[in-house]
Amino acid sequence: MQIAIKPIDVWLFRDGKPFTAGEDHIAESTFPPSPFTLQGAIRTKILADKGVLSQFASQEKPDPDVGYSDNFGNLRLCGPLLMYRKNNEWERLIPMPADVVKAGEHYKLLRPNSNLPFMTNLPNYLQLLWAQTPERFKEAKAWLPESEWMRYLQGQAPEKVVKQEDLYTLEPRFGIAIDRAKGTTQEAMLYQSRFIRLKDETALWAEIDGVSLSERGFLRFGGEGRAAIYEALSKQLPPLSQFNTAVHDVKRFKVVLVTPAWFSGGWQPKGGDWSKIFGSQVRLVAAAIPQPLLLGGFDIAKGIPKPMRAFVPAGAVYFFEADEPIQIPDNFCFTETPEDVRLQNNGKNAWGEIGFGKVLIGRW
């Protein structure tokens, strides 16, 4: 089932950095939220509908549908992705891929270049990304709409993009820490939080499988338990894998993250062994990777913070070569899962099953 999620007021999605009122002054938001946020909201909703939410933490055993702690049960997710409605039709958006740059009023694509007149110190013979243009270029800060995905994946620079101000605004609000024992405010504990306010025709898209969910309802979503409403889409949007059909049986391809991914070696598998991900031998030629995204969160069931880990953010692009054409399966997951989480999920790539490592695959 595909759903649209909309806020009732504003949302707060804290980044993974520790924050203590009085020591820090600004609580930043990350948007779109991570699959962890979506998984927590859907789990809470299903447990509440079953009437077992209050007993869930004390039982310390997995629910057959949504699991327990880092066991995700039968729950399968894709998203969340930002989307907006144009001419009464929903269209998904992804953060601008990191190999797209802006030169003047136009967009250009960065490509690996092995014929540079100078040497680099990039590891493992990785190639420098280069734009074939005499113009100075800068980072393309925008969103890539679904109508442009196929053009981009076929190796052409996008023509139409969507600006952040057309989708949402950052709304700063001030707060002051509360002494829970006394129920009073604390001196010199003023802080600022940056909330997300979506525009009218904007929402989050998600796909939910493996569990029974009512077609519409309320969710506790993000920081401070802010409320959201969701509703099943009457017209299903195509699966992400549908955009990858044009690159089957190719030897050179690029992988674009549309949701964050985690790897045992930081931005890649440990030792650079990509065969763990693809099931066949491929060579990493180049990569365009923004700064890492820190994700942790709070385990409500156990009452403790989750471990903080660095993820590769959405928009990162990896360029690969293979000696022989490879087939990319429809359920391809471009992520790993830590061993302790795998053990709780019977050895499955569990983070891939709840929405991490979703990709678009194109030519270069």
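1. Basis of the note. The model is predicted, so that local features need pLDDT of at least 70 and side-chain atom pairs count only at pLDDT 80 or more, while totals for chains, interfaces and linings use all residues. Residues are numbered from 1 along each chain as its sequence is written, and side-chain values use heavy atoms, with hydrogens and water left out.

2. Four strands form an open sheet, an arrangement of 4 strands in the order 17-22-16-23 with antiparallel pairing; helices (H or I, at least four residues) and strands (E, at least two) are DSSP runs numbered from the N terminus, and two strands pair if DSSP finds at least two bridges between them. Strand 17 and strand 23 (359-362) stand at the edges with a single partner strand each, so one side of each has no neighbour in the sheet. On average, neighbouring strands of this sheet are turned by 25° against each other, direction ignored (axes are lines fitted to C-alpha atoms, for helices over the stretch in contact, and angles run from 0 to 180 degrees between N-to-C directions).

3. Pairing within that sheet. Strand 16 (residues 250-257) is joined to strand 22 (residues 317-326) by 6 bridges, and Arg252 stands opposite Glu321 in strand 22. Strand 22 is also joined to strand 17 (residues 283-288), through 5 bridges, where Ala287 has Tyr318 as its bridge partner. Between strand 16 and strand 23 there are 4 bridges, and Lys254 is partnered there with Gly362 of strand 23.

4. Lys254 and Asp99. Which residue forms a salt bridge with Lys254? The partner is Asp99, with the closest N and O atoms 2.8 Å apart (a salt bridge is a side-chain nitrogen of Lys or Arg within 4 Å of a carboxyl oxygen of Asp or Glu). Because Lys254 lies in strand 16 and Asp99 in the loop between strand 4 and strand 5, the pair ties together parts that are 155 residues apart in sequence. Lys254 is buried at 2% relative accessibility and Asp99 is buried at 0%, where buried means under 20% relative accessible area, exposed over 50%, and partly exposed in between (1.4 Å probe, protein chains only).

5. Further surroundings of Asp99. The side chain of Asp99 also makes a polar contact of 2.7 Å with that of Tyr152; such a contact is a pair of N or O atoms within 3.5 Å, and within protein one must be able to donate a hydrogen and the other to accept it, while residues adjacent in sequence count only if both atoms are side-chain atoms. Leaving aside neighbours within four places in sequence, the contacts of Asp99 (heavy atoms within 4.5 Å) include Leu110, Ala288 and Phe319.

6. Other salt bridges. The structure holds 16 salt bridges, and Asp9, Glu171, Arg197 and Arg226 are linked in a network of them. Lys45, which is buried at 14%, pairs with Asp49 at 3.4 Å, and Asp49 is partly exposed at 48%.

7. Nonpolar cores. Of the 44 residues in the largest nonpolar core, Ile5, Trp11, Phe31, Leu82, Phe221 and Trp351 touch the most other members; a core is a set of buried Ala, Val, Leu, Ile, Met, Phe, Trp, Tyr and Cys residues joined through side-chain atoms within 4.5 Å. Helix 1 (35-50) is among the elements that give two or more residues to this core, and its share, 6 residues, is the largest. Another core, of 36 residues, lies apart from this one and has Val285 and Leu360 among its members.
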